[in-house]
Amino acid sequence: MRFTALVVAPEARRQGIATTLIARARDWAADCAVLELTTGLARKDAHEFYIREGFVSNAIRFKLGPGR
């Protein structure tokens with residue numbers, strides 16, 4: 001299962017919302033072999049959160065076109 005967006009509003013961060021969302025995603029995707037998400041390179045705080053949640057960085061994505 002792949003998540004392409006998991007964003008908590010800045011004013012709502014550090015309240016356990018993302019932790020709850022990840023827990024629900026894990027429950028929902030329990031039968032999936034892989035749970036994958038993407039995040040922007042600049043979102044260092046998010047990267048630290050995902051690592052604490054057990055995710056491992058395994059790729060860099062490249063893009064050509066609008067919205068770079």
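The structure is a predicted model, where local features need pLDDT of at least 70, side-chain atom pairs count only at pLDDT 80 or more, and totals for chains, interfaces and linings use all residues. Residues are numbered from 1 along each chain as its sequence is written, and side-chain values use heavy atoms, with hydrogens and water left out.

**Aromatic rings**

- Searching the whole structure turns up 2 aromatic pairs; rings of Phe, Tyr and Trp (its six-membered ring) pair if their centres lie within 6.5 Å, and planes under 30 degrees apart count as stacked, over 60 as edge-to-face and the rest as tilted.
- Ring pairs join Phe49, Tyr50 and Phe55 into a cluster.
- Tyr50 is buried at 7% relative accessible area, and Phe55 is buried too, at 17% (buried means under 20%, exposed over 50%, partly exposed in between, with a 1.4 Å probe and protein chains only).

**Gly65**

- Look for Gly65 in the segment after α2 (44-52); helices (H or I, at least four residues) and strands (E, at least two) are DSSP runs, numbered from the N terminus.
- Gly65 counts as partly exposed, with 21% relative accessibility.
- Gly65 and Cys32 are 33 residues apart along the chain, and their C-alpha atoms are separated by 31 Å.

**The largest pocket**

- The largest pocket holds about 780 Å³ of space; a pocket is an open set of points on a 1 Å grid over the protein atoms alone, where a 1.4 Å probe fits, with protein on both sides within 12 Å along at least five of seven lines.
- Its volume is the space filled by probe spheres set on the points, which are joined across faces, edges and corners.
- The largest pocket has 22 lining residues, meaning residues with an atom within 4 Å of a point; Leu37, Thr38, Thr39, Ser57 and Ala59 lie nearest its centre.
- β2 (36-37) and α2 are the elements that give two or more residues to this lining, and α2 gives the most, with 3 residues.
- This lining divides into 11 nonpolar, 7 polar and 4 charged residues (Ala, Val, Leu, Ile, Met, Phe, Trp, Tyr, Cys and Pro count as nonpolar, Asp, Glu, Lys and Arg as charged, and the others, Gly among them, as polar).

**The second largest pocket**

- The second largest pocket has a volume of about 320 Å³.
- Its lining has 17 residues, with Val8, Arg13, Arg14, Ala18 and Phe49 nearest the centre.
- α1 (17-28) and α2 each give two or more residues to this lining, and α2 gives the most, with 5 residues.
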